[in-house]
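Let's read a structure together, one feature at a time. Have a look at it first.

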Amino acid sequence: MKNKVSDVRDHLVAMLENLGDDTASPEKMALTIERAKATSLVANTYIGAVKVELDAIELHHEVGRTTVAVEAPQNPALPGRRQ
């Protein structure tokens with residue numbers, strides 16, 4: 001895989017083709033189903049991450065900058081440390 005959304009799509013289509021194989025033995029089909037479930041979970045996670053990236057790009061275009069400044073306290077107290 002080349003880490004592109006189109007590669008994820010290709011893997012999903014290949015998995016669909018494997019699930020539609022009428023000649024597969026019951027054992028092979030059981031393995032294919034388990035692989036399809038795992039593939040689906042991974043693909044959903046990957047697609048969710050890509051969606052976050054796209055949302056960030058869209059926000060950047062709307063706001064016009066890539067970072068949002070957050071001011072830190074002047075003298076933050078660290079846990080377990082006396083001031």
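Q: Where is Lys-37 found?
A: Lys-37 is found in helix H2. Helices (H or I, at least four residues) and strands (E, at least two) are DSSP runs, numbered from the N terminus. Keep in mind that this is a predicted model, where local features need pLDDT of at least 70 and side-chain atom pairs count only at pLDDT 80 or more, while totals for chains, interfaces and linings use all residues. Residues are numbered from 1 along each chain as its sequence is written, and side-chain values use heavy atoms, leaving out hydrogens and water.

Q: How many helices and strands are there in the protein chain?
A: The protein chain has 2 helices and 0 strands.

Q: Does Lys-37 count as buried, partly exposed or exposed?
A: Buried means under 20% relative accessible area, exposed means over 50%, and partly exposed is in between (1.4 Å probe, protein chains only). Lys-37 has 48% relative accessibility, so Lys-37 counts as partly exposed. Thr-32, also a residue of helix H2, counts as buried because its relative accessibility is 10%. Of the 83 residues in the protein chain, 11% count as buried.

Q: Which residues does Thr-32 touch?
A: Contact means heavy atoms within 4.5 Å. Leaving aside residues up to four places away in sequence, Thr-32 touches Met-15, Asn-18 and Leu-19.

Q: How do the axes of H1 and H2 cross?
A: Axes are lines fitted to C-alpha atoms, for helices over the stretch in contact, and angles run from 0 to 180 degrees between N-to-C directions. Here the axes of H1 (residues 5-19) and H2 (residues 26-63) come within 10 Å and cross at roughly 160°. Angles over 145 degrees count as roughly antiparallel, under 35 as roughly parallel, 65 to 115 as roughly perpendicular and the rest as oblique. H1 and H2 are therefore roughly antiparallel.
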